[in-house]
Amino acid sequence: MQRSETQFSFLLYLLAFLLFWEWLRPLTVISNTSRIDYFIGFAGFAFLLSYLRLPIWITFSAKGFALLYALHMLFFYNTPLISGLWIDYFLQDLKINTVFLFEGNWVGLTNLFRSFLFFILLWIVSYLMHFWLIQTRKLFLFFFMTLIYLTVVDTFTMYHADMAIVRTLIIGLVLLGLLRILNIQERERVAFEKGPFPLKWIRPLILMIGLSLLVGLVAPKPQPQWPDPVPFITKAANGYGDETSQGASGAKGGQTIGYDSDDTHLGGTFHMDDTPIFTTVGEHSHYWIVATKDEYTGKGWVVHNGAGTESLDPRDLSQYPEFTPFEKGTKTETETDSVSYHGQTFPQLIYGSGILSVDASEMDTLEWNKKTGELKPLNNGRFVTLKNYLVKFQYPTFSVPLLKKVTDASADPEAIKARYLQLPENLPERIRKLSETITKSANNRYDKANAIVNYFKSGDFHYETSNIPVPGKGVDYVDQFLFETKRGYCDNFSTAMAVMLRTIGIPSRWVKGFTQGEYKDTLGNNRYEYTIRNSNAHSWVEVYFPGSGWVPFEPTIGFDNITSFNYADSSAAEEKTPPPAKKPDKPKQTPKKTVAEQDTTHPSLFSKINLKVLYVIFACMAGVALILGIFLYRTRKKWLPGYTLRRFKHQTDASTLELAAKRLLKLLSLYGYVKKPHQTLREFASIVDRGLGTDDMKKFTLVYERGRYHRSATEDWLESKKYWENIINKLRG
């Protein structure tokens, strides 16, 4: 039986992993999760360790290291793996998000923390699979829930689960059949004639499953008997009909979410619209810019009359400084993305920050709005909507140590300060006082910006799109949001942050466009396909840093900054950045921004520890673990019997007798009582009893043989348990 179980185990774990994989496949469609390969790889690694049944300290250490490695590759790939900066960031992120958990602030949880929890869930599932497969031999509930899960996501999302359901049926039925064979084998004490693998039993099982699936696939299928429930549920949930249109078109009780160029009066209710409008393909995920605005009126954002437009050659935009927002201290790489538009009319282009060129056969020039940065394609002097085009731009990686060197406004160009510090004359003074209070413990521009982001995600503010007031006469839009309503969507959060930064002398601008959208597929050459919907319309903030340029920040609850940041110090960057006007004081602790994509900083626990010291610390930890392992191994005679007694103390099921007998034989061999191949169990029991001066081994053997050859019951274990414990206590004494 033991050989049969060993032969079966790998096949069982493999099938269980393939069944669990079906839970992970839809994540790229039904959520914003990308790089699903890391989660699948970690799950497979966890299943493998569970199958190997290594000592718990080896399994725990291996899974823990794999978890940290996966998080590093997902969020900190620009930072060395053995680096105190990202490790400290991760620890601080755990601390902040733990507070959010106890406060019930689910929206404020970062992507890093959510990914960490998901890895922990995969870890737990690998253990549960071991319990279901090896201990209980029952997996029907998990198989049934997998089918329910796939049918739900197929009905209510864009994921097509046709083949997933077929795969699940094949895997699940084979797995249940094998578990049934093992149950029969163990209950009836069946020994197979030709080795431990019951081929004669498996062939009819595979034949029956294959025949059933074949009939199901080729049999005629009736049309759906009930109407699609999704439109009805959507209508009932949102309280309005199927009105969907791009932009701020009217709908019952508000407007439908989407891009709208009129931002003079912000506020009001938005209804969600998931209509796809763009498909993009590129190497990195990033936000898509349509326009930037710089003049806040107290009600919204406006553009000066006479801002002017200019015709540009779309093949070369690098000659215009307005399109190169990054300075020498920012590392950039050139990327070319393709964009496909699905709607009827969209006069503007969406593009990545640092645009270099646009390639499309349908246009010959671009009209550039000098004030907002909007780009509109023209063909023979007439505006056109591009259905497909290529956009080349600079993908940035910002150096956090360099950003932290900006401590005052002395290095800001006068043109930047004149344009991006504008505020209305009647702006309430309490906005400035609140900004100063929030940022008083920060000593550089980067930490001040993140302190404001953290303030929004501290739990007092809420992301909502319904019943959002429009400020009345004499009411400031930002003031109303900060001190009265404390609820809203991206326009509220981004506008408030831009205004608050300006009140403390930090140049900022309001940017609007679209998020990266919904991951759809991975193509060749590490390029990723995304679907951008009306509901992905978004606004955010860019902050100016001398030496680095315009850096994006994401203050909206539920959204994370996906900009790439490098936390490792760069000597090259230090040489290129202008020196600070004064030596910064010792950093004071500031609240940490709740994002996972490395857009936040906080005081480093390792700021005074160099990398060599960190290596020494890890080496010492490894040495302590090794010494502890050797000590436990050499003293196992002292602690292993007690551990065995505690492990079986509360077990009462019938299978415990078999496991307890195997554990007893291992303990006896540790103390020199080794059963030889030619000895019967009773002969061996006599030797043990003579050595220990007892007859407990003989009594235990009689009960064990009765259960072994007749069908073990709970009463057998309860009867033999006292003899088993007496033998182990004799060994301890």
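Analyst: Elements are DSSP runs numbered from the N terminus, helices being H or I with at least four residues and strands being E with at least two. This is a predicted model, in which local features need pLDDT of at least 70 and side-chain atom pairs count only at pLDDT 80 or more, while totals for chains, interfaces and linings use all residues. Residues are numbered from 1 along each chain as its sequence is written, and side-chain values use heavy atoms, leaving out hydrogens and water.

User: How much space lies in the largest cavity?

Analyst: A cavity is a set of points on a 1 Å grid over the protein atoms alone where a 1.4 Å probe fits but cannot get out, with points joined across faces, edges and corners and the volume being the space filled by probe spheres set on them. The structure holds four cavities of 30 Å³ or more. In the largest cavity, the space comes to about 210 Å³.

User: Which element gives the largest share of the lining of the largest cavity?

Analyst: Lining residues, which have an atom within 4 Å of a point, number 17 here, and His286, Tyr287, Ser353, Pro552 and Thr563 lie nearest the centre. Two or more of the lining residues come from each of strand S14 (388-399) and strand S20 (537-545). The largest share, four residues, belongs to S14.

User: How is H13 oriented relative to H16, roughly parallel or roughly perpendicular?

Analyst: Helix H13 (residues 429-439) packs against helix H16 (residues 490-503) with the axes 9 Å apart and an angle of about 85°, where axes are lines fitted to C-alpha atoms over the stretch in contact and angles run from 0 to 180 degrees between N-to-C directions. Contact, meaning heavy atoms within 4.5 Å, involves Ile431, Arg432, Leu434, Ser435 and Ile438 of H13 together with Val499, Met500 and Thr503 of H16. Because angles of 65 to 115 degrees count as roughly perpendicular, H13 and H16 are roughly perpendicular.

User: Which residues of H14 does H13 meet?

Analyst: H13 also packs with helix H14 (residues 445-456), at an angle of about 105° and with axes 9 Å apart, so these two helices are roughly perpendicular to each other. From H13, Leu434, Ile438 and Thr439 take part, and they meet, in H14, Lys448, Ala451, Ile452 and Tyr455.

Definitions and conventions
On a 1 Å grid over the protein atoms alone, a cavity is a set of points where a 1.4 Å probe fits but cannot get out, and a pocket is an open set with protein on both sides within 12 Å along at least five of seven lines; lining residues have an atom within 4 Å of a point. Angles under 35 degrees count as roughly parallel, over 145 as roughly antiparallel, 65 to 115 as roughly perpendicular and the rest as oblique.
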